[in-house]
Amino acid sequence: TGVSLGINSNANTASDGIAIGNLAANTGQGYSAIAIGTLAGRIQQGNTSIAIGIYAGRQQMGANAIAIGHSAGEFNTHGAKDGSISIGAGAGREAGANAIMIGRAAGGTTSGENSIGIGTEAGSGTIAANSIVINATGPSGINNNLTDSFSVRPVRSNVTTEAMFYNTTTGEITYDVLSNYTGNINAGNLTTTGLITGDGGGLSN
C-alpha cells in the first residue's frame, strides 16, 4: 500500500509509493518511489527513485535515481536519469544515467552519463559524459565540454622538482622526482578552465 499526504499528491496504493506534499508524485509515480516536498516527483517518477525537496525530481525522474534538495534533478523536460544521484539545491537538474552531482548547482544544466561533479557550481553549465569536475572555489564554477576528461580548481602554482603522472591502464595518479627522467614534457599545461592536458610523450626513465 502507498502513503499520500498533501493537496493533489498521489501515491499509487498498489505500488508501495510515498508522496508527501502539494502535488508530490501527482502523475505516474513508479513502484516503491518516494516523493517528499511540493511538486517533488510530480510527473513520471521512476521506480524505486527518491525525490526530497521542493521541485526535486519534478519531471521524468529515472528509475533508482536520487534527488535531494530544492530543484535537484528537476529539469523541465528531462529530469535525473536512471541511477543518477543529485544532492544539493539545483544539483543535477538534467543528470545523465549513473551521474553523481554533489553541491549547489553541481551539473546544474546538463551532466552526461557516468559524469561526476563535486562542489558548488561544479559544471554548473555542463559536464560531459564520463568526466569528472571538482570545484572548491565557490560560485565561480567550472564548465566541462570534453568527454573523458578531468577538471579541477584550484590548483596551486609551485616551483618543484617533482611531477605528476597518470597511468592510462590503472587510472592511478602518482608523482616522482623529475631528475629520474630525461627528455621533454610535450604540451603539458593547466588551462584557464582547470583542465589538465598534455601527453608527456617526451619522458623516459
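Predicted model: local features only at pLDDT ≥ 70, side-chain atom pairs only at ≥ 80, totals over all residues.
Reader: How many helices and strands does the chain have?
Author: There are zero helices and 17 strands.

Reader: What share of the contacts comes from residues 24 or more positions apart?
Author: Such residues account for 5%. That share is taken among contacts with a separation of 6 or more.

Reader: Back to the surface. Which residues form the nonpolar patch?
Author: The patch is made of Val3, Leu5, Ile20, Ile36, Ile52, Ile68, Ile87, Ile102, Ile118, Ile132 and Ile134. Together they have about 770 Å² of accessible area.

Reader: Which strands supply at least two residues of it each?
Author: Strands β1 (3–5) and β11 (132–135) do.

Reader: Where does isoleucine 87 lie?
Author: Isoleucine 87 is part of strand β6, which covers residues 85–87. It counts as partly exposed because its relative accessibility is 35%, and the range for that class runs between 20% and 50%.

Reader: What about valine 152, buried or exposed?
Author: Valine 152 is buried, since its relative accessible area is 16%. This valine sits in strand β13, residues 150–153. Its C-alpha atom is 8.2 Å from that of isoleucine 132, a residue 20 positions away along the chain.

Reader: New topic: charges. How many salt bridges are there?
Author: The count is three. In general, side chains of opposite charge can pair when their charged atoms come close.

Reader: Which residue does glutamate 74 meet at 2.9 Å?
Author: That is arginine 58, with the 2.9 Å taken from N to O. Glutamate 74 is in the loop between β5 (66–68) and β6, and arginine 58 is in the loop between β4 (50–52) and β5, so this pair ties together parts 16 residues apart in sequence.

Reader: Are those two buried or exposed?
Author: Glutamate 74 and arginine 58 are both buried. For glutamate 74 the relative accessibility is 3%, which is why it counts as buried.

Reader: Which other residue forms a salt bridge with glutamate 74?
Author: Arginine 93 does, at 2.5 Å from N to O. Arginine 93 lies in the loop between β6 and β7 (100–102), while glutamate 74 is in the one between β5 and β6, so parts 19 residues apart in sequence are tied together. Arginine 93 counts as partly exposed because its relative accessibility is 28%.

Reader: So which residues make up the network?
Author: Arg58, Glu74 and Arg93 are linked in a network of salt bridges.

Reader: What does arginine 58 lie over?
Author: Arginine 58 lies over the face of tyrosine 55, at 5.3 Å from the ring centre.

Reader: Which residue forms a salt bridge with glutamate 121?
Author: Arginine 104 does, and the closest N and O atoms are 3.7 Å apart. Glutamate 121 is in the loop between β9 (116–118) and β10 (122–127), with arginine 104 in the loop between β7 and β8 (110–111), so the pair ties together parts 17 residues apart in sequence.

Reader: Is glutamate 121 buried or exposed?
Author: Glutamate 121 counts as buried because its relative accessibility is 16%. Arginine 104 has 41%, so it counts as partly exposed.

Reader: What does glutamate 121 touch?
Author: Leaving out residues up to four places away in sequence, glutamate 121 touches Arg104, Ala105, Ala106, Asn135, Gly138, Pro139, Ser140, Gly141 and Ile142.

Reader: Last topic, the backbone. Where is the cis peptide bond?
Author: It joins arginine 153 and proline 154, with omega about 5 degrees. Proline 154 is in the loop between β13 and β14 (162–166). Most peptide bonds are trans, and most residues other than glycine have a negative phi.

Reader: What is the phi of serine 32?
Author: Serine 32 has a positive phi, near 60 degrees. It is in the loop between β2 (18–20) and β3 (34–36). With a relative accessible area of 33%, serine 32 is partly exposed.

Reader: And the phi of asparagine 114?
Author: About 65 degrees, also positive, although asparagine 114 is not a glycine. Asparagine 114 is in the loop between β8 and β9, and it is partly exposed, with a relative accessible area of 37%.

Note on methods. Residues numbered from 1 in each chain as written. Heavy atoms only, no water. Lys NZ or Arg CZ within 6 Å of the ring centre and 35° of its normal. Patch = residues over 30% accessible without salt bridge, like charges linked within 9 Å, V, L, I, M, F, W, Y side chains within 5 Å. Areas by Shrake-Rupley, 256 points an atom, 1.4 Å probe, with all protein chains shown as cover. Salt bridge = Lys/Arg side-chain N within 4 Å of Asp/Glu carboxyl O. Helix = DSSP H or I, 4+ residues; strand = E, 2+ residues; numbered from the N terminus. Buried < 20%, exposed > 50% of the residue type's maximum accessible area, 1.4 Å probe, protein only. Contact = heavy atoms within 4.5 Å.
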